Each structure stands twice: as C-alpha cells, then as structure tokens.
Amino acid sequence: MQSISMPVSSSTWQMTALPPLALYIHFPWCVKKCPYCDFNSHTLREGVPEAQYIDALLRDLETCLPLTWGRQVSTIFMGGGTPSLFSAEAMEQLLAGIRARVRLQPDAEITMEANPGTFEADKFAGYRAAGINRLSIGIQSFNAGHLQALGRIHNDDEAHKAIEIAKRHFDNFNLDIMYALPQQTLAQALSDIDTAIAAGPTHLSAYHLTLEPNTLFHRYPPALPDDDTAADMQEAIEQHLASAGFEHYETSAFCRPGRQAKHNLNYWKFGDYIGIGAGAHGKISFHDRIIRQMRYKQPGEYLAQMAAGNAVQTEEPVTLEQLPFEFMLNALRLVDGFDLDLFTQRTGLPLTRVIHEIERATADGLLERDPNDLHRIRPTLRGQRFLNTLLERFLPD
Amino acid sequence: MKHIRNFSIIAHIDHGKSTLADRFIQFCGGLELREMSEQVLDSMDIEKERGITIKAQTAALTYKALDGQIYNLNLIDTPGHVDFSYEVSRSLAACEGALLVVDASQGVEAQTVANCYTAIEQGVEVVAVLNKIDLPAAEPERVIQEIEDIVGIEAIDAVRASAKSGIGIQDILEEVVRKVPAPRGNPDGPLKALIVDSWFDNYVGVVMLVRVVDGQLSPKDKILFMSTKAQHLCEQVGVFTPKSVQRDVLRAGEVGFVIAGIKELASAKVGDTITTVKSPAVEALPGFKEVKSQVFAGLYPVESHDYESLRDSLEKLKLNDASLHYEPEVSQALGFGFRCGFLGLLHLEIVQERLEREFDMDLITTAPTVVYQLVLKGGEVVEIENPSRLPDPSKVEEIREPIITSTILVPQDYVGAVMTLCNQKRGAQRNMQYMGRQVLLTYDLPMAEVVMDFFDKLKSVSRGYASLDYDFKEFRAEDLVKLDVLVNSERVDALSLIVHRSMSVYRGRELVSKMRELIPRQQFDIAIQAAIGSHIIARETVKAMRKDVLAKCYGGDITRKKKLLEKQKAGKKRMKQVGNVEIPQEAFLAILQVSDK
C-alpha cells in the first residue's frame, strides 16, 4: 500500500533527528573597513579589548547551552572582521573555554580567518599551537593595483610571505580570491588563480566581486568588467582549478580531494550552528521547531548587553512556509546537490512539499538526478549558473 | 426668468477654476464650511490630483446683488482639457455667459483661446477675470493686453481676483449679474431641455444635468429623447446647490437635474434634447453629435486569469464614462484583452490610471493608435483601429489617416523649436499669427503623430509654455506601411505600427534599439527585428545572460538574500511572457520613447 503524506501543520510537524551542530564565532573589528565588505566589521579605533571580548564570548556561549544541551560541536569557525587581530594567547584561552563548556568532536575542524599582513603572519605558529587547525587567508588578489583598488591594507609581497608562513604551520589552509575586480582583465584574473594554485592551498574560494548594498562600492560603483567578461573569468577559473586537481563542490568553493570546508559544508547541508560574538547569526533545531538568533551588531553594544547577561537581539522561529526555500538556498549551492532524505531530515517536512517544483525544474533542465545515485538531486550546470532563477521557484508565493 | 444667470468658467488647467467655483459656493452660502472639502466641484480623486474636472457639475447659487435683488446664479462647470471639447461646447450651449479666468502671471493658453472662440461663436457673453492677482509674479497689464490681442475681447475692466485669498469674489458675481444676459426662451412652449452632462448613480441610475430652454419639466412627465426616440418617465427633478435639492418643476432658463429610471448612460447622450411625449418639440436643439473615439489602445491583463476582472472593471468605468468604448480582442502575443477607444490621450491615461489604482489591475497597454480608413481593391471602405489588423498590402488600394488641425499658442522665443517639431511630425503649416509676445501657429498634423508623444515633446521644446488645441479635419491618403516587430522570429502583433514610409526605416531601427534596452537579458539570446512585410529592416540582439547566482552564502543573515530573490521574482511576474521571452510592460510602449531625427 502506498503511504500518504499527511498535510503538515505546525502542530503535527516534527523533526526526526537533530542535525550536526557547528559553532561560529564572530570577531567584529578590522584595521580598516574594505569598500566591498558587507560583513559586520568595524574599524578599530583603539586597541582590541581582547580579554573583555573573549570573556563575553564565553559567557555568550553559556547562554546557548540550554538550547543545545548534550549536543556535540563538530566544527568551529572564527570569522570576522579580522580574527587575526587577536593574539594567539587569546585564542588559546577561548578554545580552552569552549572545550570546558561544550563537547567538541575530537578531530573537530577549527578554522580561523586571517589577514595576510606581516603583523598577523607572525602569530600563525601560535594559532596552530592554540589548537586552530585550519587557516583561511583573505588574499583576494596578488596584483598590487587590484589590492589597492579593493582597499586592502596588505600588498602582494606580504601575501606571498603570509602564505609561506601559513604553510609551515598548517597542512590545511584556504585562500580567498576575488575576480571581476575593477579594471581587471581575464588574463589578470587567471594569473591570480594560477598564483594561488601554485601556493599549494588545500582549499580555494573564488568569489565574483559583488556590489552589496550598504557598502562604499555600492554607493560609488567602480568600473567593473562587463557581465560577459566576468562569466568568461568564472569559466576559465573553473577550468584552471579543475586541471590543477581541485574539485568544484560549491558555487564559489574548490578543494583538494577530501578537503572540503567542513564547517561551511554544514551550512550548505542545512545543519545547525550556534553563532556567538557581535552580530553573529545562529540556527538551532529542536524536535518541534527551528529558530534563528541574532546578536547585537555594534561591538560596544554587544559587550554592554553581554555584561547585562544576554546579547541575543532577535530570536525567531523559521516558519514552515520558509523552510523549503531556506533549505534549497543552501543545499542547491552544492555541486553534488543533496540526498532527498536530507530534505526531510533537516526541515521535518515531507518531500511532497517540494517534489512538484523539483520535477518542474528538472523538466526545465535546471535540476537533475545523479545518475549514480538516483536518490540524489543536483543542479545541472545551467542550474548552477542560474541558481537564482532556480531558487525563486522555491519561494513561497 | 430675468433673475436667472447661467454661466460657466473657461480656464486653463491650474488657472484656478475649481478654487474660484468653491469661493462662489462659499460666498453664496451653498455649503457649510465643514462641508467644503477642498474643491467641491471636482469630485473624483484623480481629478483632484491632476487638477482637472472631467465631468461637468453644477451649482445653483442664490445671490443678493448690490442692487438689492436676489438672483439665481447657475454655475455650470466645464472640463478643461483638449480631449473634452465637445463636452465644453455643450456646457457653453447651456449658458448665456462665461467667465474667462486667466492666471495673471501665466497669461492666455491655447486651450482657453479655443474654448473662448467656441463661446463667442455660440453667442455667449465672455467676461474676463484675472486670477492669482496677489502672486508676486502677477503682470495684470501684460495679461490684459494678451487677452485683447489673442482672444479679441475687451479686458481693460477685467476683475482682478484671487480665488485662493478670496479677493474680488463679489466683484465677479456683480459682473455676472450685470453683463451676462438673462436667459431667453418660451416658458409656455413645448419642452426643450439640453442634456449638458449625464452620469451614473448607484441608487437612482442615470442622472442628467439639463438646461431647460423652452417649456417646463416636472416629475411624472413622460419624456422623449429626440436623438434616440427613447421614452422614459421623469421621476425626479431638482438642482444642485451643490447638494442635490428636489424641486417640483424645472422651468425655462433653469439648470438642474433629471432622474428618469434610466439604467444605461448611453441612453442619455450629452447634447441630446429632451422633450415631452405629450407635446413634443418640432425640432431638437442644435449641436448634438455622437462622440467618436479618437485614440485606441489595447489593454491586456498581465496575468491572463485577470481577464474577467478587467472586463468587470471596464464595465464599471463605462457606467460613468459614456465616451469609453471597449471590445474584446485577442492578441497572439498578449492573449485575451480589450481594444479600447478614448476621446484622447488624457482620457486614455485617466482610464488606465483608474484601472490600476481603483481596480488594482496589472495592465499591459499597447501604444496608442488612431483609426485608419482603408480603401480596398474592390472599392470598399473599411476602418481599422488596430494596426495588426491591416490586411495584406496587395488587397489595399489606399490607406487614409486622420488629419487634425491644431492650434498652438507659444511665446515667440520658442516658435522655431515648435515649428521644427511640427515638421518632424509631418505637419503642414496653415497659419502663423503674431499676437503681442505670443504666436498662434496653425498646423495640419497627422493625428497618429500627435497621439504618440507630441504633447510631451511640445512641452519640452517650449519649456512648458506652448499650449495646444486640435480638431479633426479629414482622412487623407498617405503612403503608409505596417511596421512589424519580431521577437525571436515571432511576430508580436501587439507591437505592430502603421507608419509613414518615409519614416519607417528610421523608426524601425530606433524601435528595436530601444526595445533592446528595455528587455532584460535572459537565459538565451533574444533577436528583436523590425520588418515591413517580409523585409527585415533592423535587428538587435539582447545577449543571453551567462549567470545569475549569489557569490556567497554562509550562515549569516539570509533575509536580505531572500528579499533580493523575492524582488527578482516579483519583477518577472510583472512581465508578459511572449513565446519563451519575458517582456516588461514598458517595452510595449517603447515606440513612445523613440526620438525623431
């Protein structure tokens, strides 16, 4: 007999198993705010209030414990801002504090974002010793002119030196590269990628520079390569990375076999994450609901709220109507797509909620079944290129 | 009868007609202050916003003059735009006098001149009033000179007033009493009442505003409409003060309303004569004509399932707008919709706006067009209102387009620019007259050129100073061809145009290039071609978009990403899918953005 899915309402909705849990820690300060950056970062005026902030982060984590009781943390990501403005000692203290409060998976991936300046590179050895086992270096470009146009405070020389030092201490590190930069040619974009490949990272993120709202670039747009040139760049970059042995596994992410960014993979598989620190976002599932949290964004306010006991500014349940879109927004970024069961596991919704749209998108050549695993749905190459068009179909009307 | 004065106000838009009417009502105590919502006579919202009166309304005022006598002043409001010249002429026909209200800083405008001429032709006494006299920019002497030069009436004694500040209101009313003749007519003759306006009321049906010329009209009279021969029983008569007040009788010389249980506005045509069945008048009052649509456009719902509600909305609008015509039309590209006929461009805009605003319709409007007369090979003459319906050229002997005579009043400084514009639009100059600092140009222009963008162009080349009036002149044979637009090799009927052969190549090229800008890049190349018959005269390509994907998505704030995609999705919804191409609304009107050589 065929099983019939009951219509899901909030009263009958239930998660069968909780997803893996990751921990994101935000460091909101930068020496200088970059004109393209729309992350929660603030120009540092005085020194970093290191001890105070670490203390706040740990107490912030404590406020989350009742929400994730007993769950193991699988990965940690320290992002920013510029986490590498903090000393290795501070990081050590932070990680020790985390270990004392939550159950951390023994071989957990612990990533830290670092700026490729000399000031930071000198601390790489210390970070490794503190327990950080993966570094993500914001190179962006090796071209001195482009670095300047992007408002970066490091130069190409420092970039090379930072990578040298990183390699000495980390066997797992990522380089961030951006393309379609102001005035950039195809040859220049490829030269950046080739240089990055030659530096020997295990992971490479190649981002199309986007003019995000609320950035200086959005208000005063620089002259960017046209859409066709940018698309040429993307295709050529993908080819260079493929021939260098990198797997393309997410829209902008490439890795050596087995070296996916586990922490990010958890986002894309619609896993859970605690977000602590100024402006950090978290997503936590329960047997009967999924919530999103956001901390106060301004560092000063975050510290003040934390001192008063709790820095959560908003906490909202994700409605059932939004879940399919939110899941797809993440999962369809993965080149390999997702196992159909994952949708049910992570959203608590029956597949009938999306099967019609999946079939329609398949008919339209945006999605396909993995021929080796028919239970797997993935975007076609066209689906990857026109992911927004594909995602729109999952938006509630 | 000798204490009755029937008058209307002739004024250009914004010269303060409605405000002045309100002042009269206030001065004569027609409404309590609390009842005076701003500009009482303009009842529709859109009219308030645009500052124009579409439906003529009226107010019967009781005024105690300085001579101690009590007068019954009937103010008949008139529309103030070129599209409504017939309505204006009927309003004027109901009056013995007209106030020519001129903005003391702006001076005379073509529309005012045209309406004044109509008034003078009909033997209406014109009394000049200078409004906005208290503005710092007011130049009464110059404007008086202008009135005398251009309109040709004496204006030296013109009342200086400010409707806004209430200056000179009594002086104007005194002038009305003194200068406007009392109505003449035979109170004992057979009934002759002129329908000045008619509109639909949800409770009582059609309400007619009439001027009784001869005889008298009371409830229970059986009335006859002389143009349609329809008979109805008069149920109610009365006057507007401007509140409606029932009366037992309307007598010769009076202006008031008649309700006769009529359900369709088309039965009570403006300009028709009402008489009684018992003792009918021998002949109708002069000047009646059937109003014909001048401008046509296709209106289509963006979402095809909104067709029914578009029809309902048009039906509702039609209840109160006898000059709106529509009939179902099927376009291969746009699906089911309506071909609508309008009095003019402004009328089109008003209808479109009301459909969108009051009825919440999402519409695709095709470029406005005119009626063409075709002489077929067999000698048969047919009219077409939609360029895509033009038969194969081999079957057509001759295409005739409507020509209008337009009168343009423009300050000397801009004459050159206006003449250049008229020449670009295939105009032929008929007259040019210097009147003080203004020049009165008369041009014969193809109406098809005027309905496109002539008003806007005229305003822009004259910095807003030129004003225009026009009248249909004739149908004239010209070398006209049909210009088709093909999107990915499919002819889009809704984009077809009839153009003069001499302009066809240029227009075709400009049109496809404009469309290339307006159609967003999609997942494939889109070819846009212009063709005359099977001959392609221009081609542009909207290159395929190569990617549309967010570069970054991590655990952070997803609401903005969601909003971005929602916006993108909503934008696509407002586009019309033609074949597999999504075409935005504005691309269907791309021709209006094509500039001339």
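B:Lys572 and A:Glu392 pair in a salt bridge, with the closest N and O atoms 3.1 Å apart. A salt bridge here is a side-chain nitrogen of Lys or Arg within 4 Å of a carboxyl oxygen of Asp or Glu. Side chains of opposite charge can pair when their charged atoms come close. Between chain A and chain B the count is eight salt bridges. The structure is a predicted model, in which local features need pLDDT of at least 70, side-chain atom pairs count only at pLDDT 80 or more, and totals for chains, interfaces and linings use all residues. Residues are numbered from 1 along each chain as its sequence is written, chains are lettered from A and ligands numbered from 1 in the order in which they are written, and side-chain values use heavy atoms, with hydrogens and water left out.

The interface between the chains also holds 23 residue pairs in polar contact, both residues at pLDDT 80 or more. A polar contact is a pair of N or O atoms within 3.5 Å; within protein, one must be able to donate a hydrogen and the other to accept it, and residues adjacent in sequence count only if both atoms are side-chain atoms. On the side of chain A that touches chain B, the elements giving two or more residues are strand S8 (203–208), helix H9 (227–243), helix H10 (262–268), helix H12 (323–331), helix H15 (381–385) and helix H16 (387–392) of chain A. Helices (H or I, at least four residues) and strands (E, at least two) are DSSP runs, numbered from the N terminus. H9(A) provides the largest share of this side, six residues. The residues of this side of chain A comprise 15 nonpolar, 13 polar and 13 charged. In this grouping, Ala, Val, Leu, Ile, Met, Phe, Trp, Tyr, Cys and Pro count as nonpolar, Asp, Glu, Lys and Arg as charged, and the others, Gly among them, as polar.

Chain A brings 41 residues to the contact and chain B brings 25 residues, where contact means heavy atoms within 4.5 Å. The size of an interface is often given as the accessible area lost when the parts come together. Chain A and chain B bury about 3,300 Å² between them, and carbon and sulfur atoms give 51% of this area. Buried area is the accessible area (1.4 Å probe) that two parts lose on being put together, summed over both. A:Phe386, A:Asn388 and A:Glu392 supply 20% of the area that chain A buries against chain B, more than any other three residues.

Chain A itself is divided into domain 1 (2–267) and domain 2 (323–392). These bounds come from an automatic or database domain assignment. The C-alpha centres of domain 1 of chain A and domain 2 of chain A are 26 Å apart. In their contact, 18 residues of domain 1 of chain A meet 16 residues of domain 2 of chain A. The two domains bury about 1,300 Å², with carbon and sulfur atoms giving 49%. Two salt bridges cross this domain interface. A:Glu238 and A:Arg385 form a salt bridge, their closest N and O atoms being 3.3 Å apart. On the domain 1 side, H9, strand S9 (247–250) and H10 of chain A each give two or more residues. That side divides into nine nonpolar, six polar and three charged residues.

Chain A contains 16 helices and 17 strands. Its C-alpha trace spans about 65 × 50 × 40 Å along the principal axes. The radius of gyration of chain A is 21 Å, which agrees with the value near 21 Å for a compact globule of 397 residues. This radius is taken over C-alpha atoms, and the globule rule is 2.2 Å times the number of residues to the power 0.38. Within helix H1 (residues 50–64) of chain A, A:Arg59 and A:Asp55 are four residues apart, and so about one helical turn separates them. Their side chains meet in a salt bridge (3.6 Å, N to O).

Two backbone features of chain A follow. Most residues other than glycine have a negative phi, and most peptide bonds are trans. The peptide bond from A:Gly80 to A:Gly81 is cis, with omega near 20°. A:Gln140, in strand S6 (residues 134–140) of chain A, is not a glycine but has a positive phi of about 70°.
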